[in-house]
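Subject: Structure handover

Hi,

Here is the structure for you to look at. My notes follow below it.

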Amino acid sequence: MKAAVIESVGKAVVSEVPDPTPGPREVVVEVSACGLCGTDLHILQGEFAPKLPIVPGHEFAGEVVGIGRQVTELSVGDQVAVDPSLYCYECRYCRTGHNNLCERWAAIGVTTAGGAAQYAVAPVANCVKLPEHVRTQDAALIEPLSCAVRGYDVLNSRLGSHVLIYGSGTMGLMMLELAKRTGAASVDMVDINAQRLTTAQKLGVSASATSADELDRPQGWDLVVDATGNAAAIQDGLERVAKAGTFLQFGVADYATRVSIDPYRIYNQEITITGSMAVLHSFERAAELFATGVLDPDIFISDRLPLEQYPQALDQFASGIGRKIVVIP
């Protein structure tokens, strides 16, 4: 079968690899679409993946075409979205309910072969069956949506909060859609690329600007979310949190990124700084939300490219052109 392969640092190709074979409690999924994510760029840069080469792709959905001998929950022909998270269920963090912090954390498309291929293998426990009206070519959005759902779990947001989001890429826009549905009084968005803010405006953001200085909230925001991973955005966002407010680090920053905090202000104004890492007990809820139409795939997916163009898709994603890019095997 054809698959994208990150062969070495900085080098991605499309080549022939062996067809996958399911284990007793695994299924083979014929991939309908696979989304690109910042994690894929980190893998390309030699981070995250324990070793290369690797078939990337942790955001994917498709049709079950093969099942292991002990699989009874799914049948050939079922449409599924795949939660890529692989946990040990034995370490301290798994045993205390923090599986996303697993000491032996692994993931399909990061540590094992993923969905940027014609076929992918997944544990049956990681597959969520989709209703018939959901197109599998759109359902690659469920995995990033599940990360956004986890982000709102961490925020514990209250009705009537004023929210500021940095970054109008896919994840920032998903946080916008969830904020609107969790009772935010207002949702503002900042992005240094004014053109990218047009999608946020289309989705009904309260206000948008290339700098928070242009927004009229001198007292700050109750909830500030960084969806960029950019040091300048993070630093600015930390300074925009209102008294008793919360700052959520949601974007994936480079390992070397550093910012400054004001400990006295955090103490004196009771500011919370927190983070949200990937999926945790949120994939099924994201699938249900997606099935109800919480996202418009035609707005969120800007490019649908053939698998053969995976290296070019990575380049386009790295350059910040478009929103969610998916490859179609």
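**Nonpolar cores**

The largest nonpolar core has 48 residues, of which I142, L145, M175 and L176 touch the most other members. Helix α3 (residues 142-155) gives this core its largest share, eight residues. Apart from this core lies another, of 34 residues, including V29, V31, V64 and L314. A nonpolar core here is a set of buried Ala, Val, Leu, Ile, Met, Phe, Trp, Tyr and Cys residues joined through side-chain atoms within 4.5 Å. Buried means under 20% relative accessible area (1.4 Å probe, protein chains only).

This is a predicted model: local features need pLDDT of at least 70, side-chain atom pairs count only at pLDDT 80 or more, and totals for chains, interfaces and linings use all residues. Residues are numbered from 1 along each chain as its sequence is written, and side-chain values use heavy atoms, with hydrogens and water left out.

Back to L176. Leaving aside neighbours within four places in sequence, L176 is in contact (heavy atoms within 4.5 Å) with I165, V187, M189, A200, L203 and V205.

**Strand β3**

Helices (H or I, at least four residues) and strands (E, at least two) are DSSP runs, numbered from the N terminus. Strand β3 spans residues 26-35, and eight of its 10 residues are buried. Strands pair if DSSP finds at least two bridges between them. The partners of β3:

- β4 (residues 59-67): antiparallel, eight bridges. V27 stands opposite I67.
- β8 (residues 119-123): antiparallel, five bridges. V29 has A120 as its bridge partner.
- β17 (residues 324-328): antiparallel, two bridges. C34 stands opposite V327.

Best wishes

Terms used: Buried < 20%, exposed > 50% of the residue type's maximum accessible area, 1.4 Å probe, protein only.
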